[in-house]
Amino acid sequence: MDEKSGGLAGITVGETAISTVGKKGKGLTYRGYSIEDLANHARFEEVAYLLIHGTLPTKVELNTYKKRLIQGQSLPIAICRVLEQLPVKTNPMDVLRTAVSTLGCLEPESLRHTAEFIADKLMSFCVSSLLYWYAFQTNDQHLTVISEQNSIAGHFLYLLQGHVPDAEFRKALDVSLILYAEHEFNASTFAARVCTSTESDFYSAIVAAIGTLRGPLHGGANEAAMKMINQYDDVPSAEAGTRLLLEQKAVVMGFGHRVYKESDPRTSIIKPWAKKLADRFGDPKKFLIAEAIERVMWDEKKIFANLDFYSALVYFYLGIPTSFFTPLFVISRLSGWTAHIREQRANNRLIRPLADYIGPDPRPYVGISERT
Ligand code: CMC
């Protein structure tokens, strides 16, 4: 195998009309719209609709869509019972994986429960499942999961905080959801497409994607980045600590990207939100520490902060538990995954690549009594 194709780096494995990532002159676009325009002007629900249905919704379509999202907030009683069995130490990504899988047993994909129907339900459903499990395991509380908030960010913050969220906080979370929604053939999306290519069901593809996103080299990087920022008390210790990590050839979480080589276009959108929240709380310490890490990474290695790095800080300022950072990525990326599952189904061929064999030459079988 060509050394460069390890991890399929640089290999084009298919076509997509959903997004452009790092393509010359195009930046990051979702169905042709720049990520900057979407983050500045749209709400996450418009973006999710755009990804899943292919066009920006009209006012009527958006209102109908939001109503469907609100309907998805409720949890079947069987889901509540399952969530109550999951120990408090469960990784919240495993909670989501289990909740989605269980829903697939209760309401399997069918002519009535189409992929689009399930997708619309899953975004609110995942928020409700996560917060229900959290409230039950931490406070022994059966949380009322219907918030009536007509946005995913609003629903999440309402269930987490117990009241109607501040508009600026909701907007900050909304922007991060827009930025996380879609990113071409990233690992979790590819996993969803591979699963879909076998003509498996929608839930299975989403479960495969959640499991793939869980890893620290992909979605888990935002949690790992926050834990790293938390290790430092001030700017000098952050600078020294980052230099030490680089000397030790450690991977610094929240930095670098497989496709982007000079910068991540999403970082310049999310970073000002981290700053805005730091200023609003009069608590710039974590932001300054993060900037110090970013500075050292660039000066020493020319490696840039990716979306995960400053998203982590936005979530920190919003008071979101660190272990919920990657689940938020799931909730947003459900829209991109759904778009890709639909695209794969529309022009499907089994994804089945080849491998170069590097094992032993053919040899005779050795009976168990003759083995040493
Ligand atoms: N910290 C330290 N060195 C790094 C980092 C990093 N975060 N990222 C890349 N490098 C170095 C790497 O050590 C290598 O150096 P050298 O050529 O001296 O051996 C060089 O940069 C090329 O790196 P690579 O590992 O070949 O790049 P890759 O395309 O295989 O990996 C990556 C991409 C995202 C897995 C990697 O940058 C990484 O592990 N980053 C940290 C995890 C992270 O933040 N992941 C989130 C990615 S963005 C959101 C998402 O898509 O999920």
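Trainee: How much area is buried between domain 1 and domain 2?

Mentor: This is a predicted model, where local features need pLDDT of at least 70, side-chain atom pairs count only at pLDDT 80 or more, and totals for chains, interfaces and linings use all residues. Residues are numbered from 1 along each chain as its sequence is written, and side-chain values use heavy atoms, without hydrogens and water. Buried area is the accessible area (1.4 Å probe) that two parts lose on being put together, summed over both. Carbon and sulfur atoms give 65% of a total of about 1900 Å².

Trainee: Which residue meets Glu-168 in a salt bridge?

Mentor: A salt bridge needs a side-chain nitrogen of Lys or Arg within 4 Å of a carboxyl oxygen of Asp or Glu. The count between the domains is 2. For Glu-168 the N to O distance is 2.9 Å, and the partner is Arg-280.

Trainee: Which helix gives the most to the side of domain 1 that touches domain 2?

Mentor: Helices here are DSSP runs (H or I, at least four residues), strands likewise (E, at least two), numbered from the N terminus. Strand 1 (19–23), helix 1 (35–41), helix 8 (167–180) and helix 16 (325–346) each supply at least two residues. With 9 residues, the top contributor is helix 8.

Trainee: How many residues of domain 2 are in contact with domain 1?

Mentor: Contact means heavy atoms within 4.5 Å. Domain 1 brings 22 residues; domain 2 brings 19.
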